[in-house]
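Visitor: I am new to this structure and would like to learn how to read it. Please show it to me, and then take one feature at a time.

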Amino acid sequence: IVEHEPVHKDLLSKLETLHNEDGTIDNPGEAVLDWLPQLRTLIPYCSNLGKAKELYDAKKQGDAGFVDFLNRCRLSSFSHRLEVWDFLDAPRSLLMKYPLLIAEIRKWTPDDHPDAYFLDSSMTCIDEIIKEIDKETGEARCANV
C-alpha cells in the first residue's frame, strides 16, 4: 500500500502547480490525463484483493488472537474506527472514485473548452484501467477455482 501513495501524491503536486491565486484550477484535464497511466501500478494489487480477502476472513474465523488484534486496532484512535480491511481496500476504493470525479468535472466543462478533450481522454484511460483490473481479477478468481 505504501508504494502506491507516491502515485496519488504526484497528481496532487501536478494540480498544485496549476492553482490560480484564488485556489481554482482552469485546466486540470491535461495533468490528469498525463498522470492516469501511473494507476496501472495498482492493477496487480487490486486483482489480488479477492484472494487477500479470503485469507483475511479465514484468519478471522480461526485465530482468536488475530480477532483481538483487529478489535484493538479498530478501537485505537489512529484507525478512526475503521476495520483493517478498509485500509487494505483503500487503494481500490480510491481508484474507483476517479471516474466519478473526472465525469463531474467534465459535466461542468463546456464542449468547446480546451480541457474537454483531455477530460474525455481521461475517462477513456481510467475506464481501460478499471477494465484491465476487472479482467485480471476474474482471471485470479478462475485460477483459484
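Guide: Start with burial: a residue is buried under 20% relative accessible area, exposed over 50%, and partly exposed in between, with a 1.4 Å probe and protein chains only. Helices are DSSP runs of H or I with at least four residues, numbered from the N terminus. In helix α7, the buried residues are Asp115, Ala116, Leu119, Ser121, Ser122, Cys125, Ile126, Ile129, Ile130, Ile133 and Thr137. This is a predicted model, in which local features need pLDDT of at least 70 and side-chain atom pairs pLDDT 80 or more, while totals for chains, interfaces and linings use all residues. Residues are numbered from 1 along each chain as its sequence is written, and side-chain values use heavy atoms, without hydrogens and water.

Visitor: What do the buried residues of α7 pack against?

Guide: Contact means heavy atoms within 4.5 Å. By that rule, the buried residues of α7 pack against α2, α3 and α6.

Visitor: How is the length of a helix checked?

Guide: The expected span is 1.5 Å times one less than the number of residues. Helix α7 has 29 residues and reaches 42 Å from first to last C-alpha, close to the 42 Å expected. For α6, residues 84-107, the 24 residues should span 34 Å, and the end C-alpha atoms are 35 Å apart, which agrees.

Visitor: Where does α6 bend?

Guide: A bend at a residue is the angle between axes fitted to the seven residues ending there and the seven starting there. In α6 the bend is about 50° at alanine 90, and proline 91 follows within four residues. Pro91 is also one of the buried residues of α6, as are Trp85 and Asp89. The elements covering the buried residues of α6 include α1, α2, α3, α4 and α7.

Visitor: How do α4 and α6 lie relative to each other?

Guide: Axes are lines fitted to C-alpha atoms, for helices over the stretch in contact, and angles run from 0 to 180 degrees between N-to-C directions. Under 35 degrees counts as roughly parallel, over 145 as roughly antiparallel, 65 to 115 as roughly perpendicular, and the rest as oblique. The axes of α4 and α6 cross at roughly 180° and come within 11 Å, so the two helices are roughly antiparallel. Leu49, Ala52, Lys53 and Tyr56 of α4 meet Val84, Trp85, Leu88, Asp89 and Arg92 of α6.

Visitor: Is arginine 92 buried or partly exposed?

Guide: Arginine 92 is partly exposed, at 29% relative accessible area. Cys46 and Leu49 are touched by arginine 92, leaving out residues up to four places away in sequence.
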